[in-house]
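Visitor: Before we begin, could you take me through this model slowly, and set each term against its definition as we go?

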Amino acid sequence: MSDFREVPRADKGVLRHTAHRYGESELGVPLTFFGPTSGPVDLLLMASMHGDESDSTVALSEALRRVPADALVNPVILAVNPDGILHGTRCNANGVDLNRNWPASNWSPEPVRYKDHGHTVQDIELSTGSAAGSEAETRHLLALVQRLQPRAIVSLHTPLGCIDDPHDSELGRWIAAETRLPLVPDVGYATPGSFGSWCAEQRIPIITWELPTEPLPDVIASHVPVLLKLVTGTHPVGAG
Ligand SMILES: [Zn+2]
């Protein structure tokens with residue numbers, strides 16, 4: 001953990017870190033991450049497993065662009081689901097909810113239902129995949145997690161406005177306090193085949209950071225400083 005000087009404001013518009021390719025999406029878009037390329041690492045941070053939650057990508061990118069190359073300590077994935085971002089959909093290009101496609105023991109072929117951002121009924125159906133781990137985005141991320149061996153994972157979503165940490169870890173409590181979001185042990189409904197279910201079976205602690213439904217400038221103002229500490233490893237608590 002060392003101090004660092006933020007990138008000058010005039011220069012933070014451009015993402016200057018080297019992108020490392022870890023695979024291709026179903027549409028052939030490069031899947032990339034930034035930072036260390038081998039493990040074990042302390043934290044792996046990621047955004048936009050759901051393509052219609054791209055505020056999470058903007059917030060994480062904003063943090064990354066403020067960090068000089070030599071101060072980037074923890075690997076960052078800005079878009080787990082780039083095809084979903086291109087299409088503006090929660091699912092990937094095959095209509096699969098990537099957060100239900102993981103080869104956890106509770107994976108289910110039953111369609112998953114979700115509600116869109118404007119309504120309150122979970123009546124929109126998505127596939128969980130033709131099999132557990134059927135999607136390129138899932139398989140490549142799984143291999144990357146095994147390669148980087150993170151001590152913990154932080155995955156950004158929107159818009160529930162909470163920090164979901166089943167382990168009630170020191171890191172989860174610190175993020176909740178810094179972002180003034182409630183710390184919760186789950187999101188209140190079953191998530192078979194979720195990334196979190198898979199991580200739990202691999203004994204990798206995962207914190208799901210649900211950004212709130214606030215205007216993006218407010219999200220950036222209150223959340224980017226916290227993300228900045230995590231990507232540079234200058235946060236005061238360990239990952240465990
Ligand atoms: Zn989500």
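Visitor: Which residue of strand 7 does leucine 43 stand opposite?

Guide: Leucine 43 stands opposite alanine 152 in strand 7. This is a predicted model, in which local features need pLDDT of at least 70 and side-chain atom pairs count only at pLDDT 80 or more, while totals for chains, interfaces and linings use all residues. Residues are numbered from 1 along each chain as its sequence is written, and side-chain values use heavy atoms, with hydrogens and water left out.

Visitor: Why are strand 4 and strand 9 said to stand at the edges?

Guide: The open sheet has six strands in the order 4-3-7-10-8-9, with mixed pairing. Strand 4 (76–77) and strand 9 (183–184) each have a single partner strand, so one side of each is left without a neighbour in the sheet.

Visitor: How do you know that helix 1 packs on the sheet?

Guide: Contact means heavy atoms within 4.5 Å, and helix 1 (residues 55–65) touches strand 3, strand 4 and strand 7. The direction of helix 1 makes about 135 degrees with that of strand 3, where axes are lines fitted to C-alpha atoms, for helices over the stretch in contact, and angles run from 0 to 180 degrees between N-to-C directions.

Visitor: Why is strand 3 called largely enclosed?

Guide: Buried means under 20% relative accessible area, exposed over 50%, and partly exposed in between, with a 1.4 Å probe and protein chains only. Five of the five residues of strand 3 are buried, so strand 3 is largely enclosed by the rest of the structure. Leu43, Leu45 and Ala47 point one way, and Leu44 and Met46 the other.

Visitor: Why does serine 25 count as buried?

Guide: Serine 25 counts as buried because its relative accessibility is 5%. Serine 25 lies in the loop between strand 1 (20–24) and strand 2 (30–33), and, leaving aside residues up to four places away in sequence, touches Leu31, Pro82, Asp83, Ala136 and Glu137.

Note on methods. Pairing = 2+ DSSP bridges. Helix = DSSP H or I, 4+ residues; strand = E, 2+ residues; numbered from the N terminus.
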